Amino acid sequence: NGNLLFSGSTFTTPTLNSNTTYYVESENGSGCKSTRTSVTVTIDAAPSSPTVIGTSICSGQTAMLTPSAPSGVTFNWYDAASNGNLLFSGSTFTTPTLNSNTTYYVESENGSGCKSTRTSVTVTIDAAPSSPTVIGTSICSGQTAMLTPS
């Protein structure tokens, strides 16, 4: 029994979120049918999202970003929360030289091609300290001078 879902050689399932079993049979030109064979589509679990801690650098430097979890996956680094450009695949991503705060997005991908949700990580540019002020002094030859920046 059951409902006929498709007649033909290649069946594309609808979007699946759980393991699903389908049954297939063959039929010859005279209407004789084979015994149905079951086929199960198994859903692989997506890996958990990576954990990455942002960092602070000085303007004009690069940052190294390394996820700490999960293990046994590939990490894909992007410039957007969804879609976007793939910047790097690997565990440690070295940013280009940065001059402003920049957010990157990383996902983990298992061997089946299942991907986690992306995790954002921000590289913050620390403000450079202001230049010190030092007042010159006059001394006699042979003496030492004490210069103290403020």
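**Rings, charges and a core**

Let's start with one contact. Arg-118 sits over the face of Tyr-78, at 3.4 Å from the ring centre. Keep in mind that this is a predicted model.

Now the rings. How many aromatic pairs does the structure hold? There are five aromatic pairs. One of them joins Phe-6 and Phe-11. Their ring centres are 5.9 Å apart, and the planes make an angle of 40°. That pair counts as tilted.

Next, a group of rings. Which residues form one aromatic cluster? They are Trp-77, Phe-88, Phe-93 and Tyr-104. Remember Trp-77 and Tyr-104.

On to charges. The salt bridges number four. Take Glu-25. The side chain of Glu-25 meets that of Lys-33 in a salt bridge, at 3.8 Å from N to O. Glu-25 also forms a salt bridge with Arg-36. Here the closest N and O atoms are 3.1 Å apart.

Lys-33 is exposed, with a relative accessible area of 54%.

Another salt bridge joins Glu-107 and Lys-115. The closest N and O atoms are 3.8 Å apart. Look at the two ends. Glu-107 is buried, with a relative accessible area of 4%. Lys-115 is partly exposed, at 41%.

Glu-107 and Lys-115 are both touched by Asn-76. Where is Asn-76? Asn-76 is in strand S5. Is Asn-76 buried or exposed? Asn-76 is buried, because its relative accessibility is 4% and the limit for buried is under 20%. Its side chain makes a polar contact with the side chain of Glu-109, at 2.8 Å. Beyond four places in sequence, Asn-76 also touches other residues, including Leu-86, Phe-88, Ser-89, Tyr-105 and Val-106.

Last stop, the core. Nonpolar side chains tend to be buried together in soluble globular proteins. In this model, the largest nonpolar core has 13 residues. Which members touch the most other members? They are Leu-65, Trp-77, Tyr-104 and Val-123. Three strands each supply at least two residues of this core: S5 (74-78), S8 (102-109) and S9 (119-126). Which strand gives the largest share? That is S9, with three residues.

Let's close on Tyr-104. We met Tyr-104 in the aromatic cluster, and again in the core. Leaving aside neighbours within four places in sequence, Tyr-104 is in contact with a list of residues that includes Leu-65, Phe-93 and Val-123. Tyr-78 is on that list as well. And Tyr-78 is the ring under Arg-118, back where we began.

Definitions and conventions. Residues numbered from 1 in each chain as written. Predicted model: local features only at pLDDT ≥ 70, side-chain atom pairs only at ≥ 80, totals over all residues. Heavy atoms only, no water. Phe/Tyr/Trp six-rings, centres within 6.5 Å; stacked < 30°, edge-to-face > 60°. Lys NZ or Arg CZ within 6 Å of the ring centre and 35° of its normal. Buried < 20%, exposed > 50% of the residue type's maximum accessible area, 1.4 Å probe, protein only. Core = buried A, V, L, I, M, F, W, Y, C linked by side-chain atoms within 4.5 Å. Helix = DSSP H or I, 4+ residues; strand = E, 2+ residues; numbered from the N terminus. Contact = heavy atoms within 4.5 Å. Polar contact = N/O pair within 3.5 Å; in protein donor to acceptor, adjacent residues only side chain to side chain.
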